[in-house]
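User: I am new to this structure and would like to learn how to read it. Please take me through it feature by feature.

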Amino acid sequence: MLEDDLEMRRSVYALNDSLPISDDKLTELVEKCLLNCPTAFNSQSARLVILLGDKHKAYWQMVAEGLAKAAAPEKRDAALARLEQFAKAYGTIVFYEDTDVAEAMVEKYADYAKAMENWMQQSNAILEYMIWQCLAENKVGASLQHYGNLAEAAVKKSFELPSRWQWVAEMPFGEIAAPAGEKTFEPVEKRLKVLR
Ligand SMILES: Cc1cc2nc3c(=O)[nH]c(=O)nc-3n(C[C@H](O)[C@H](O)[C@H](O)COP(=O)(O)O)c2cc1C
(Lines give C-alpha, C1' and ligand atoms only; values in the text may rest on other atoms or scores of the structure.)
Protein backbone atom coordinates (compact mmCIF):
# COMPACT_ATOMS: atom_id res chain seq x y z
CA MET A 1 0.00 0.00 0.00
CA LEU A 2 1.37 3.39 -1.02
CA GLU A 3 0.39 6.60 0.75
CA ASP A 4 -1.47 7.81 -2.34
CA ASP A 5 -3.73 4.75 -2.10
CA LEU A 6 -5.11 6.04 1.20
CA GLU A 7 -7.27 8.51 -0.69
CA MET A 8 -8.93 5.68 -2.61
CA ARG A 9 -10.86 4.47 0.45
CA ARG A 10 -14.09 6.38 0.95
CA SER A 11 -17.58 5.69 2.29
CA VAL A 12 -19.34 4.61 -0.89
CA TYR A 13 -23.10 4.22 -0.53
CA ALA A 14 -24.31 3.81 -4.14
CA LEU A 15 -23.35 0.21 -4.91
CA ASN A 16 -24.34 -2.27 -7.60
CA ASP A 17 -25.05 -5.96 -7.18
CA SER A 18 -21.82 -6.93 -8.97
CA LEU A 19 -18.07 -7.02 -8.29
CA PRO A 20 -14.98 -6.18 -10.36
CA ILE A 21 -13.20 -9.16 -8.69
CA SER A 22 -14.15 -12.82 -8.20
CA ASP A 23 -15.68 -14.17 -4.98
CA ASP A 24 -12.47 -16.20 -4.50
CA LYS A 25 -10.29 -13.11 -4.76
CA LEU A 26 -12.59 -11.29 -2.33
CA THR A 27 -12.36 -14.16 0.16
CA GLU A 28 -8.59 -14.31 -0.26
CA LEU A 29 -8.10 -10.63 0.54
CA VAL A 30 -10.42 -10.80 3.57
CA GLU A 31 -8.44 -13.84 4.81
CA LYS A 32 -5.17 -11.96 4.39
CA CYS A 33 -6.51 -9.03 6.41
CA LEU A 34 -7.76 -11.36 9.13
CA LEU A 35 -4.40 -13.13 9.38
CA ASN A 36 -2.29 -9.96 9.35
CA CYS A 37 -4.38 -7.70 11.56
CA PRO A 38 -2.59 -6.82 14.83
CA THR A 39 -4.42 -7.91 18.00
CA ALA A 40 -3.76 -7.27 21.71
CA PHE A 41 -1.57 -10.12 23.04
CA ASN A 42 -2.10 -11.76 19.64
CA SER A 43 -5.57 -12.69 20.87
CA GLN A 44 -7.11 -12.94 17.36
CA SER A 45 -10.60 -12.51 18.73
CA ALA A 46 -12.24 -11.07 15.59
CA ARG A 47 -14.67 -13.25 13.67
CA LEU A 48 -16.01 -12.46 10.21
CA VAL A 49 -18.90 -13.59 8.06
CA ILE A 50 -18.97 -12.81 4.33
CA LEU A 51 -22.57 -12.75 3.12
CA LEU A 52 -23.22 -13.12 -0.59
CA GLY A 53 -26.31 -13.58 -2.75
CA ASP A 54 -29.45 -14.62 -0.86
CA LYS A 55 -27.65 -14.54 2.50
CA HIS A 56 -26.73 -10.87 1.95
CA LYS A 57 -30.34 -10.04 1.05
CA ALA A 58 -31.64 -12.03 4.05
CA TYR A 59 -29.32 -10.09 6.39
CA TRP A 60 -30.73 -6.72 5.32
CA GLN A 61 -34.28 -8.08 5.47
CA MET A 62 -33.73 -9.13 9.11
CA VAL A 63 -32.20 -5.73 9.88
CA ALA A 64 -35.18 -3.99 8.22
CA GLU A 65 -37.58 -6.02 10.37
CA GLY A 66 -35.62 -5.03 13.50
CA LEU A 67 -35.50 -1.39 12.45
CA ALA A 68 -39.23 -1.31 11.68
CA LYS A 69 -39.89 -2.35 15.29
CA ALA A 70 -37.30 -0.03 16.87
CA ALA A 71 -37.69 3.20 14.89
CA ALA A 72 -39.99 6.02 15.95
CA PRO A 73 -43.05 6.01 13.61
CA GLU A 74 -42.22 9.41 12.08
CA LYS A 75 -38.66 8.28 11.23
CA ARG A 76 -39.43 4.72 10.10
CA ASP A 77 -39.92 5.24 6.36
CA ALA A 78 -36.77 7.32 5.89
CA ALA A 79 -34.73 4.86 7.97
CA LEU A 80 -36.01 1.85 5.99
CA ALA A 81 -35.34 3.64 2.68
CA ARG A 82 -31.73 4.14 3.76
CA LEU A 83 -31.37 0.40 4.34
CA GLU A 84 -32.52 -0.41 0.81
CA GLN A 85 -29.32 0.95 -0.68
CA PHE A 86 -27.30 -1.55 1.35
CA ALA A 87 -29.50 -4.47 0.28
CA LYS A 88 -28.82 -3.46 -3.34
CA ALA A 89 -25.07 -4.04 -2.89
CA TYR A 90 -23.26 -7.27 -3.85
CA GLY A 91 -22.52 -8.52 -0.34
CA THR A 92 -21.90 -7.67 3.29
CA ILE A 93 -19.05 -8.49 5.65
CA VAL A 94 -20.22 -8.75 9.26
CA PHE A 95 -17.67 -8.16 12.01
CA TYR A 96 -17.90 -9.96 15.35
CA GLU A 97 -15.81 -10.40 18.50
CA ASP A 98 -15.61 -13.84 20.12
CA THR A 99 -16.49 -13.25 23.78
CA ASP A 100 -15.00 -16.64 24.73
CA VAL A 101 -11.60 -15.33 23.63
CA ALA A 102 -12.18 -12.05 25.50
CA GLU A 103 -12.95 -13.91 28.73
CA ALA A 104 -9.91 -16.15 28.37
CA MET A 105 -7.68 -13.11 27.80
CA VAL A 106 -9.06 -11.31 30.85
CA GLU A 107 -8.35 -14.41 32.94
CA LYS A 108 -4.85 -14.80 31.57
CA TYR A 109 -3.86 -11.12 31.74
CA ALA A 110 -5.78 -9.99 34.83
CA ASP A 111 -3.67 -6.83 35.19
CA TYR A 112 -5.04 -5.61 31.86
CA ALA A 113 -8.63 -6.76 32.39
CA LYS A 114 -10.09 -3.24 32.24
CA ALA A 115 -8.34 -2.36 29.00
CA MET A 116 -8.97 -5.66 27.21
CA GLU A 117 -12.48 -4.96 25.89
CA ASN A 118 -11.31 -1.60 24.51
CA TRP A 119 -8.26 -3.15 22.86
CA MET A 120 -10.38 -5.83 21.21
CA GLN A 121 -12.72 -3.21 19.78
CA GLN A 122 -9.69 -1.24 18.59
CA SER A 123 -8.28 -4.30 16.89
CA ASN A 124 -11.63 -5.04 15.26
CA ALA A 125 -11.66 -1.46 13.93
CA ILE A 126 -8.15 -1.92 12.51
CA LEU A 127 -9.42 -5.04 10.74
CA GLU A 128 -12.43 -3.12 9.40
CA TYR A 129 -10.06 -0.52 8.03
CA MET A 130 -7.66 -3.06 6.47
CA ILE A 131 -10.52 -4.74 4.62
CA TRP A 132 -12.08 -1.40 3.57
CA GLN A 133 -8.72 -0.27 2.17
CA CYS A 134 -8.09 -3.57 0.33
CA LEU A 135 -11.57 -3.41 -1.19
CA ALA A 136 -10.91 0.16 -2.35
CA GLU A 137 -7.59 -0.85 -3.92
CA ASN A 138 -9.50 -3.51 -5.87
CA LYS A 139 -12.09 -0.90 -6.99
CA VAL A 140 -14.77 -2.36 -4.74
CA GLY A 141 -16.92 0.28 -3.00
CA ALA A 142 -17.93 -0.15 0.65
CA SER A 143 -19.16 1.67 3.73
CA LEU A 144 -19.16 0.92 7.44
CA GLN A 145 -22.59 0.47 9.05
CA HIS A 146 -23.98 -0.18 12.52
CA TYR A 147 -27.43 -1.70 12.22
CA GLY A 148 -26.70 -5.32 13.12
CA ASN A 149 -27.63 -4.89 16.79
CA LEU A 150 -31.25 -4.57 15.61
CA ALA A 151 -31.21 -8.15 14.35
CA GLU A 152 -28.32 -9.81 16.18
CA ALA A 153 -30.30 -12.72 17.62
CA ALA A 154 -32.27 -13.36 14.42
CA VAL A 155 -29.10 -13.28 12.29
CA LYS A 156 -27.24 -15.68 14.56
CA LYS A 157 -30.18 -18.08 14.57
CA SER A 158 -30.75 -17.90 10.84
CA PHE A 159 -27.07 -18.33 9.90
CA GLU A 160 -26.29 -20.72 12.80
CA LEU A 161 -23.51 -18.52 14.18
CA PRO A 162 -22.04 -19.14 17.66
CA SER A 163 -24.04 -17.42 20.39
CA ARG A 164 -20.80 -16.14 21.96
CA TRP A 165 -19.96 -14.02 18.92
CA GLN A 166 -20.78 -10.40 19.65
CA TRP A 167 -21.77 -8.22 16.71
CA VAL A 168 -19.56 -5.14 16.09
CA ALA A 169 -20.33 -3.69 12.64
CA GLU A 170 -21.15 -4.55 9.05
CA MET A 171 -19.69 -3.48 5.71
CA PRO A 172 -21.90 -3.62 2.61
CA PHE A 173 -19.79 -3.72 -0.56
CA GLY A 174 -20.18 -3.86 -4.34
CA GLU A 175 -19.33 -2.26 -7.63
CA ILE A 176 -19.25 1.53 -7.34
CA ALA A 177 -22.46 2.95 -8.88
CA ALA A 178 -21.66 6.56 -7.93
CA PRO A 179 -18.51 7.94 -6.30
CA ALA A 180 -18.38 9.11 -2.70
CA GLY A 181 -19.52 12.65 -1.95
CA GLU A 182 -17.35 15.65 -1.21
CA LYS A 183 -15.41 15.37 2.05
CA THR A 184 -14.42 18.26 4.28
CA PHE A 185 -11.21 18.30 6.31
CA GLU A 186 -10.32 19.93 9.60
CA PRO A 187 -6.98 21.73 9.34
CA VAL A 188 -4.18 19.23 9.86
CA GLU A 189 -2.22 21.78 11.97
CA LYS A 190 -5.02 21.62 14.53
CA ARG A 191 -4.84 17.83 14.67
CA LEU A 192 -1.15 17.03 14.49
CA LYS A 193 1.88 18.19 16.46
CA VAL A 194 5.42 17.43 15.35
CA LEU A 195 7.78 17.96 18.29
CA ARG A 196 11.57 18.01 18.12
C1 LIG B 1 -15.88 3.98 13.93
C2 LIG B 1 -16.65 4.46 12.72
C3 LIG B 1 -18.03 4.29 12.69
C4 LIG B 1 -18.76 4.66 11.56
N5 LIG B 1 -20.09 4.38 11.50
C6 LIG B 1 -20.78 4.68 10.38
C7 LIG B 1 -22.15 4.30 10.26
O8 LIG B 1 -22.72 3.69 11.16
N9 LIG B 1 -22.80 4.64 9.13
C10 LIG B 1 -22.19 5.30 8.09
O11 LIG B 1 -22.83 5.57 7.08
N12 LIG B 1 -20.87 5.63 8.16
C13 LIG B 1 -20.17 5.34 9.28
N14 LIG B 1 -18.82 5.65 9.35
C15 LIG B 1 -18.19 6.33 8.20
C16 LIG B 1 -17.88 7.79 8.47
O17 LIG B 1 -19.07 8.56 8.44
C18 LIG B 1 -16.91 8.24 7.37
O19 LIG B 1 -15.74 7.44 7.47
C20 LIG B 1 -16.51 9.70 7.49
O21 LIG B 1 -17.62 10.55 7.25
C22 LIG B 1 -15.41 10.07 6.49
O23 LIG B 1 -15.77 9.74 5.16
P24 LIG B 1 -14.93 8.69 4.31
O25 LIG B 1 -15.14 7.32 4.90
O26 LIG B 1 -15.49 8.80 2.91
O27 LIG B 1 -13.48 9.08 4.36
C28 LIG B 1 -18.10 5.28 10.46
C29 LIG B 1 -16.71 5.44 10.52
C30 LIG B 1 -16.00 5.03 11.62
C31 LIG B 1 -14.50 5.19 11.62
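**Reading the model**

Analyst: In helix α2, the residues His56, Tyr59, Trp60, Met62 and Val63 are buried. They lie on the same side of α2, because they cover an arc of only 155° around the axis; the arc is that of the directions from the helix axis to the C-beta atoms. Buried is said of a residue with 20 or more other C-beta atoms within 10 Å of its own, exposed of one with 12 or fewer, and partly exposed of one in between, with C-beta atoms placed from the backbone. This is a predicted model, in which local features need pLDDT of at least 70 and side-chain atom pairs count only at pLDDT 80 or more, while totals for chains, interfaces and linings use all residues. Residues are numbered from 1 along each chain as its sequence is written.

User: Which residues are exposed on the other side of α2, and what covers the buried ones?

Analyst: The general idea comes from the helix turn. An α-helix has 3.6 residues a turn, so residues three or four places apart point the same way. In this case, Gly53, Asp54 and Lys69 are exposed on the other side of α2. The cover over the buried residues of α2 includes β2 (46-52), α3 (73-87), β3 (91-98) and α6 (152-159). Helix α2 itself takes in residues 53-70, and its 18 residues reach 26 Å from first C-alpha to last, close to the 26 Å expected at 1.5 Å a residue. The expected span is 1.5 Å times one less than the number of residues.

User: How many helices and strands does the chain have, and in what order do the elements run?

Analyst: Helices (H or I, at least four residues) and strands (E, at least two) are DSSP runs, numbered from the N terminus. The chain has seven helices and five strands. Starting at the N terminus, their order is β-α-β-α-α-β-α-α-β-α-β-α.

User: Is leucine 127 buried or exposed, and which residues is leucine 127 in contact with?

Analyst: Leucine 127 lies in helix α5 (residues 113-137). Leucine 127 is buried, because 23 other C-beta atoms lie within 10 Å. Leaving aside neighbours within four places in sequence, leucine 127 is in contact with Cys33, Leu34, Cys37, Ala46 and Phe95.

User: Where does glutamate 97 lie, and which residues is glutamate 97 in contact with?

Analyst: Glutamate 97 lies in strand β3 and is buried, with 21 other C-beta atoms within 10 Å. Its contacts, neighbours within four places in sequence left aside, are Ser45, Ala46, Ala102, Met120, Asn124, Gln166 and Val168. The C-alpha atoms of glutamate 97 and arginine 164 are separated by 8.4 Å, although these residues are 67 residues apart along the chain.

User: How should I read the phi of glutamine 44 and of glutamate 160?

Analyst: Most residues other than glycine have a negative phi. Glutamine 44, not a glycine, has a positive phi of about 50°. Glutamine 44 lies in the loop between α1 and β2 and counts as partly exposed, with 15 C-beta neighbours inside 10 Å. Glutamate 160, also not a glycine, has a positive phi of about 55°. Its place is in the loop between α6 and β5 (165-176), and glutamate 160 counts as exposed, with 6 C-beta neighbours inside 10 Å.

User: Which residues are around the ligand?

Analyst: A residue is near a molecule if its C-beta atom, placed from the backbone, lies within 6 Å of it. Around the ligand are Arg10, Ser11, Ala125, Ser143, Leu144, Gln145, His146, Ala180 and Lys183.

Note on methods:
Two residues are in contact if their C-beta atoms, placed from the backbone, lie within 7 Å.
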